[in-house]
Amino acid sequence: MRLRSDAVRHVPVLIAGGGPVGMTLARTLAALGVRCMLVERNASTTRHPKMDITNGRSMELFRRLGLADRLRAAAVPEENNFDISWITSLAKEAGGRELHRFRYPSVVEKRAEIRARNDGTQPREPAMRVSQVMIEPVLQQAILGDPLVEARWGVAFEAFTQDEAGVTATLRIVETGETETVRCDFLAGCDGGSSIVRDQLGIACEGKAAVTQRYMIHFRSDARDILQAFGVAWHYQTDKGTLIAQDDKDTWTLQTRPPAGVDPAAIDPDPILDAWVGRPFARQILVANPWVTHLLLAERYHSGRVFLAGDSAHQYIPTGGYGMNTGIGDAVDLGWKLAATIKGYAGRGLLESYARERRPVGYRNRLASERHTGVRLRIAELYQNECNPEALARGIAALGNAENESWGIEFGYRYDGVEGDPVIYAPTTAPGARLPSTFLRDGSALYDRLGPWFTLLRFGDADPSPLIDAAPVPLETVIVDDASLAPIYEAKLVLVRPDTHVAWRGDHCDDGEAVWQSVLG
């Protein structure tokens, strides 16, 4: 191992890990005017599909970062549905049949619904079907083109020490073995489930490790007459696994259980595919490997100047799609708080609030993932015990599909300790809640009127001057003169954070400085 002779470099924030969470954090910091360095040990973005849904809340946050349109250009066509179809087999000629289909609108249809229901219950953005293989290059290009982000692939994060003034990190150039030292004000560990940052902090994970064994086969095939035997669907599911349509064209992923008693290294994926589909078909296997699911949550999300986000802080079974989506929320929350602290807008108490806000969300989402898995296990029991296809179909319908309908989980998480219904999203402007999204009288979206930092919404004749005069951060004011929207927002003055959560609300403000001191720690 060779040491580089360069003088120790300094960056305000060092991000360990270049997956979606690390790249979103880098984009957030840059959008708020803060330099950062991101390092990723792999030479390129991932080849593994991993996640396949970016939920509406994440898309709202990506829209704020100027990325929604670019991401959608890499996603499944907007006219295609999000349906979940339970089947016996895709081999129709051998008696395979569709048992029950949970139907969900396409992006185009959901946009129309969002416009039609302007009551605060709808997201600003529909969800997006996209593989992580496709999403990462878009995020990578966004940060590579940003002068405030130094993004370095093929550079491994090795170790760190911290003191009261900052963090000293050791990096290694993978190709040459050379190491270098970087000094930063703050370190963000976005380095995945086997996080070096978390391990060096000595932070353990609580929950259940190695919950289930899985086998993933990612492949390319034009056999849509077979793989879409019952029409376009996002997922085709049986008791043996799930076939994910990654682009509704030629790229697919089967998530199933590995054969019992077989060495994972010796598994032949071809017989598994033929057996699940119900007949042979032409394909090219891209990636196939065993993997293990976890239900884990880090006992702490930070120590001193070092923070955890994404899989380094929480790991879930994929049911519900909460892994990356929870991590995107982590990244934006941590990003604006780091930026506010580095720019001198906030006290250290603001960064202390990161774990206080995000860890309960991580815990809630872990429980939700476990509940959804339980429903799938009950459906699997129905497959084994119910011989009548009609009765099996009724049983599946009765158990439902909350893993794709938990709007309370996706949009209703709050930072005030209040837990709402996990399925139903009830709009509120209680401090800590996500700001309800609506369209204004001129047809523009309220979310699109929010400033990059804080925004003060004014309804009616309330005097905003105490908050404006005392503001220690950039603040924009939006006057909402639509009387039909006022009841949704529950107060005449609503102060909104950079992550579109409500910071404060009231019909009047007597002491602006006290409000800001509370909001900014």
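Contact is taken here as heavy atoms within 4.5 Å. Helices (H or I, at least four residues) and strands (E, at least two) are DSSP runs, numbered from the N terminus. The structure is a predicted model, in which local features need pLDDT of at least 70 and side-chain atom pairs count only at pLDDT 80 or more, whereas totals for chains, interfaces and linings use all residues. Residues are numbered from 1 along each chain as its sequence is written, and side-chain values use heavy atoms, with hydrogens and water left out.

In the packing of α1 against α5, residues P20, M23, T24, A26 and R27 of α1 meet Q132, E136, L139, Q140, A142 and I143 of α5. The axes of α1 and helix α5 (residues 132–144) come within 10 Å and cross at roughly 25 degrees; axes are lines fitted to C-alpha atoms, for helices over the stretch in contact, and angles run from 0 to 180 degrees between N-to-C directions. Angles under 35 degrees count as roughly parallel, and α1 and α5 are therefore roughly parallel to each other.

The loop between α1 (20–31) and β2 (36–40) contains V34. With a relative accessibility of 3%, V34 counts as buried, a term that denotes under 20% relative accessible area (1.4 Å probe, protein chains only). Not counting residues up to four places away in sequence, V34 touches P12, V13, L29, L148, A339, I342 and K343. The C-alpha atoms of V34 and A355 are separated by 21 Å, the two residues being 321 apart along the chain.

A nonpolar core is defined as a set of buried Ala, Val, Leu, Ile, Met, Phe, Trp, Tyr and Cys residues joined through side-chain atoms within 4.5 Å. The largest such core has 89 residues, of which L14, I15, F157 and L187 touch the most other members. Helix α9 (residues 322–342) gives the most to this core, with 9 residues. Leaving aside neighbours within four places in sequence, the contacts of F157 include L14, V39, R41, L187 and I196. A second, separate core of 22 residues includes Y215, L227, A229 and A245.

An open sheet of 4 strands shows mixed pairing in the order β20-β19-β21-β22, where two strands pair if DSSP finds at least two bridges between them. Its edge strands, β20 (475–480) and β22 (502–506), each pair on one side only. Neighbouring strands of this sheet are turned by 15 degrees against each other on average, direction ignored. Strands β19 (residues 454–459) and β21 (residues 493–496) pair in the antiparallel sense over 4 bridges, and L457 stands opposite V494 in β21.

Notes:
Buried means under 20% relative accessible area, exposed over 50%, partly exposed in between (1.4 Å probe, protein chains only). Angles under 35 degrees count as roughly parallel, over 145 as roughly antiparallel, 65 to 115 as roughly perpendicular and the rest as oblique.
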